[in-house]
Structure formats: C-alpha cells, structure tokens
Amino acid sequence: MELTHLNELEKATKKGRVQLFRLGIGLLFIIGVMLYTVVRVDVTHGGSLFIVIAAMIGGYMAMNIGANDVANNVGPAVGSRALTLGGALIIAAIFEAAGAIIAGGEVVGTIRSGIIDPNLIGSADTFVWIMMAALLAAAVWLNIATAMGAPVSTTHSIVGAVLGAGIASSGVGIADWESVAKIVASWVISPLMGGAIGAGFLYLIKRSITYRTDLVASSRQAVPYLVAAMAFAFGTYLMLKGLNRIWTVNILQALGVGTVLAILVFRGARPIIERQARRIGNSKEGVNQLFTVPLIFAAALLSFAHGSNDVANAVGPLAAIVEVVSSGTGEITAAAPIPMWVMIVGALGIAIGLGLFGPKVIRTVGSEITELDQMRAYCIAMAATLTVILASQLGLPVSTTHVAVGAVFGVGFLREYLKSQYARMLETIKAHHPEGDQAAIDAFLAKFAKASIDEKGRMLRELKRKSKRSMDPAHFSKLERQSLRKVYRHELVKRSQVLKIVAAWVVTVPASALMAAMLFFTIKGMLTG
C-alpha cells in the first residue's frame with residue numbers, strides 16, 4: 001500500500017519537476033548572460049550597470065520570443081506530422097539562431113516602427129528607462145501568453161510596450177498615432193489575408209487533386225507545380241525578409257530570384273515526385289506523403305527568416321541602451337549598431353526559449369485549432385509567405401503570427417463549409433428518391449462518391465430534373481423533406497481556441513503598454529527617489 005502511494009506521488013510530482021527543470025535552465029541562461037556582460041563591459045560606473053540589467057532583460061525577452069513566436073513557423077509541420085516535435089525544435093533552433101547571427105543586421109531602429117518621437121524624450125537617462133521598461137513589459141506579456149498557450153505578435157508586444165513607456169515619460173504627444181492606427185488595422189488585415197490565401201490554396205488542391213477519381217495521376221501532374229510555387233514564394237520571401245540585411249534587393253530582383261529557384265525546383269522535383277507517386281496509394285494519405293519534404297524545408301526557411309527579422313524585437317532596445325550608455329554623449333539616435341555579443345544573446349535566447357517552453361504554443365497552432373495534414377500545412381506555409389510579401393509591397397503592417405494563425409483559421413473554416421455543402425448534397429439525393437427505396441439511394445451514393453466534383457454537380461442536376469418529372473413529393477417522408485432545408489454545421493475549428501487567441505491579440509498592445517507604463521514609473525522612482 002505504501003509503495004502504491006509512493007508511485008502515485010511520484011507521478012503527481014513529475015510534471016512539477018519538469019517545470020522546475022525548465023525554469024532552472026532558463027535562470028542559468030539569464031545568469032550566464034549577466035556574467036558574460038560583466039566580462040564584456042566595465043561595470044565600475046553606474047551607467048554600465050544598466051547594460052548588465054538590460055542584457056538580462058534582453059535574454060529573458062529572447063527566450064519568450066522563442067517560446068511563443070517560433071510556433072508559427074513549425075506548428076503546422078508538427079501538427080500535420082511532417083515533423084516530430086523534437087525534430088521541429090532542433091531545426092527551428094538551428095535556423096533561428098543562424099538567421100539572427102548571419103542575417104540579423106548590423107543596425108536596428110531604436111524606436112520600433114517609429115511608434116514614438118525620440119526628440120520629445122527629455123534625457124538619455126529617460127530614454128534608457130523607457131527601453132528597459134518596454135523590454136521587460138513585452139517579455140512578461142509574452143510569458144503570460146505562452147503560459148496560456150496563445151500565439152501572439154512579439155512585434156505588437158514591443159510596440160505596445162514602447163508606446164506605454166513613452167507616454168508615461170512624456171505624455172500622449174510623444175506617440176505617432178498614425179502608426180498606432182496601422183498596428184490596430186493589422187489585427188484585422190493580417191488574419192483575413194492569411195485566411196483567404198490559405199483557404200484559396202486548399203480549395204485549389206482539392207479541385208486539382210483530392211476531388212479527382214485518380215488521386216495518384218492528379219498528384220503527379222499537380223504537385224510539381226505546387227512545390228515550384230512554394231520555391232518561388234520562399235525564394236522571394238527569403239530575399240526580402242531573410243537576407244535583406246546582408247545585401248539590399250528590390251521586389252523585382254527578389255521575384256527574379258524566386259522565379260529562377262521555382263524553375264530549378266520544378267525540374268528537380270518532377271522526376272522525384274513521379275517515383276514517389278508509384279509507391280503511394282490512391283488516397284489522401286498517400287498524396288500527403290508528397291508534401292512532407294517541402295514542409296520540412298518550409299519550416300527551416302521560415303525559421304531562418306524569422307530569426308533574421310524578429311531578433312530585433314529582443315535586442316533592439318538592448319542595442320539602443322548599449323549605444324546610449326557606451327557613447328557617453330547622451331545623444332539619442334534613431335538607429336543603433338548591434339554588437340555581435342548582443343546578437344548572440346538574442347539568438348541563443350530564442351533557441352533556448354523554444355526548446356524549453358515552445359512545445360505548448362506549437363501544439364496550439366499545430367493541432368488544437370483544427371486538424372491538419374500535410375496538404376493543409378502546405379497551404380498555411382504558402383499563406384504565411386505570400387501574405388507578408390504582398391503586404392510589404394502594399395505598405396501594410398502585418399504580423400506573421402496573425403497571418404499564420406489566420407491561415408489555420410481559414411483552412412479550418414473552409415473545411416467546415418465544404419463538409420456542410422457535401423452534407424447538403426447527400427440530403428438532396430435522399431430527398432429526391434422515394435421513401436423506402438434505400439437500394440436506389442445506396443447505389444446512387446456509391447456512384448456519387450467516386451465522381452469528380454464536376455460530375456457530382458451534373459448528377460445532382462439530372463437527379464432533380466428526373467424527380468420533378470416522375471416523382472410525387474408525397475412519396476417523400478416528412479423527415480427527408482425537412483432535411484433538404486437543413487443547414488449542416490460541422491465544427492472543425494475549435495471555437496474556444498479562436499476566442500482565446502483573438503482575445504489575446506486584442507489586448508496585446510494595451511496590456512504591454514500598461515505594464516510598461518507602470519514599470520517606467522517604478523524604475524524612475526527607484527533611481528530618482
């Protein structure tokens with residue numbers, strides 16, 4: 001009896017031990033960042049102490065970016081089982097760090113997105129306090145969102161935090177309200193664009209492959225073009241968003257690189273897909289296998305581009321503090337160089353945060369909103385890249401988090417709509433056969449299931465014409481006549497997750513702004529009181 005109780009107690013405390021281990025590793029990383037910063041800078045005067053504290057907060061912020069934001073890059077691949085969770089964590093950690101260090105850039109804007117006017121900040125000390133408060137507030141908000149399993153925008157978090165701390169320091173006049181309005185608009189623009197593009201690609205795949213009788217033959221014809229389209233999108237995206245800090249390219253050059261890459265990939269992928277198609281079954285599961293390798297590349301490239309761009313959210317304010325304190329001039333610049341040691345802090349923090357705390361949000365994106373397979377994950381990856389490319393050329397501020405999650409919503413809601421349409425088709429068939437003629441209904445349904453989408457429409461039209469000419473509606477049962485007017489709703493998207501995520505999106509900017517304002521007053525009071 002005592003042994004049984006001990007086993008139950010050990011099981012009950014296992015989860016707590018795992019969490020304690022994760023917290024311990026995270027704490028060791030932050031302590032390591034502080035010690036490394038002490039070695040890198042002279043802390044004998046008070047200003048340099050700010051750099052050590054800011055580096056600690058920057059490391060904490062980087063871990064939270066890894067824990068939350070990276071899920072958008074690998075979540076669909078994990079949910080579709082193209083990648084295992086462990087494999088996704090390894091790929092994302094390597095490519096996030098590589099993107100940050102190789103292409104993270106030498107200079108970053110100190111005031112993210114021009115959200116406040118640095119000329120209205122009273123002194124260099126005030127600027128440092130604003131950056132520290134913003135960095136800590138954004139990190140805390142991301143930590144809270146990750147604990148809830150809600151994917152939120154790290155860019156919106158830091159923008160809201162800079163806005164809140166800036167207003168706390170200098171009043172509402174410091175804010176660029178036009179930029180704030182654009183950020184608010186992106187809450188709607190990003191998920192709608194992502195959802196529409198993701199749903200569009202899924203419908204294209206269904207019409208060109210899964211709604212056909214011979215899925216293998218259809219996939220041999222269509223999949224090479226779909227893979228080439230992915231190569232085009234990712235080539236363009238990588239040039240514009242992943243490597244733009246190594247060399248500057250315009251949209252035409254990026255599109256040219258994407259086109260060349262698409263042609264090369266098409267020629268290389270076509271014989272490979274031909275060989276694979278001979279080994280798969282004539283089923284959706286077989287077709288899904290053809291998308292596995294492209295999804296692995298997509299996860300890696302998205303992670304590289306994310307690391308090269310969003311590391312600035314972690315180390316931008318830190319770089320600003322280092323620049324102001326180290327220069328000794330007290331001058332507040334619009335942009336600050338990023339020392340390599342600062343970039344490494346951001347890169348390692350993102351990788352460690354992903355490994356320790358990322359799985360929760362990865363599961364939310366990959367499996368807890370709607371069921372994903374490889375074809376649906378492909379559509380989400382395409383939506384994420386194409387939306388960012390399109391929005392950047394239109395000058396629209398979009399969040400990659402909102403785009404990716406919006407694409408998951410779009411794919412799920414399209415599936416609901418198509419399922420409902422198919423249910424209505426079946427009820428139409430039943431209602432246009434006399435009551436009791438189950439054999440005729442079964443025979444028609446068997447033929448209907450094998451038909452292509454165009455043939456299905458023709459069969460339904462023909463059935464309705466025949467029923468009008470030869471069938472008496474009185475022969476139909478009351479239930480069958482009523483069922484024809486029903487609107488079937490198959491809920492394939494979890495509404496509770498939708499509400500939780502949307503609520504987190506809406507409160508991100510105000511929540512991080514409020515926390516940053518309170519932290520600014522706290523820091524100011526501690527240092528001037």
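Is A517 buried or exposed? With a relative accessible area of 16%, A517 is buried, because the cut-off for that label is under 20%. Keep this residue in mind, as we will come back to it. The structure you are looking at is a predicted model.

## The chain as a whole

Let's begin with the overall picture. The protein chain contains 18 helices and two strands. It has 529 residues, and 53% of them count as buried.

How do parts of the chain that are separated in sequence meet? Among contacts between residues at least 6 apart in sequence, 84% join residues at least 24 apart.

## The nonpolar core

The largest nonpolar core has 152 residues. Which members touch the most others? They are M61, I205, F291 and Y378. Helix α11, residues 292-327, gives the most to this core, with 17 residues.

Take I205 as a guide to what such a residue meets. Not counting residues up to four places away in sequence, I205 touches T210, L226, F291, M375, Y378 and C379.

Two packed helices are described by the angle between their axes and the distance between the axes.

Which residues make the contact? From α7 come M193, G194, I197, G198, F201, L202, I205 and T210. From α13 come M375, R376, Y378, C379, M382, A383, L386, T387, L390 and A391. By class, the residues of this contact divide into 13 nonpolar, four polar and one charged.

At 1% relative accessibility, S186 counts as buried. Leaving aside neighbours within four places in sequence, S186 is in contact with H156, P191, P397, V398 and H402.

## Where α3 meets α12

Now try a second pair, α3 (71-79) and helix α12 (residues 340-367). The axes of α3 and α12 come within 7 Å and cross at roughly 60 degrees. That makes α3 oblique to α12, and their crossing is right-handed.

On the α3 side, the contact involves A71, N72, V74, G75, P76, V78 and G79. On the α12 side, it involves V361, I362, V365 and G366. Sorted by class, this contact has seven nonpolar, four polar and no charged residues.

## An exposed residue in a loop

Between α3 and α4 (85-103) there is a loop, and R81 is found in it. Is R81 buried or exposed? R81 is exposed, with a relative accessible area of 62%. Its backbone is worth a look as well: R81 has a positive phi of about 70 degrees although it is not a glycine.

Let's return to A517, which lies in helix α18. A517 and A137 are 380 residues apart in sequence, yet their C-alpha atoms are 8.7 Å apart in space. Leaving aside neighbours within four places in sequence, A517 is in contact with G164, A165 and A168.

I501 is also in helix α18, which covers residues 495-528. I501 is buried, with a relative accessible area of 0%. The C-alpha atoms of I501 and M148 are separated by 9.4 Å, although these residues are 353 apart along the chain. With neighbours within four places in sequence left aside, the contacts of I501 are P151, T364, I369, V405 and F409.

Finally, find T126 in helix α5 (residues 124-148). At 14% relative accessibility, T126 counts as buried. Its C-alpha atom is separated by 9.9 Å from that of I523, 397 residues away along the chain. Leaving aside neighbours within four places in sequence, T126 is in contact with I121, S169 and F520.

Notes
Residues numbered from 1 in each chain as written. Predicted model: local features only at pLDDT ≥ 70, side-chain atom pairs only at ≥ 80, totals over all residues. Heavy atoms only, no water. Contact = heavy atoms within 4.5 Å. Helix = DSSP H or I, 4+ residues; strand = E, 2+ residues; numbered from the N terminus. Nonpolar A, V, L, I, M, F, W, Y, C, P; charged D, E, K, R; others polar. Buried < 20%, exposed > 50% of the residue type's maximum accessible area, 1.4 Å probe, protein only. Core = buried A, V, L, I, M, F, W, Y, C linked by side-chain atoms within 4.5 Å. Axes fitted to C-alpha atoms, helices over the stretch in contact; angles between N-to-C directions. Parallel < 35°, antiparallel > 145°, perpendicular 65-115°, else oblique. Left-handed = near helix turned anticlockwise from the far one by under 90°.
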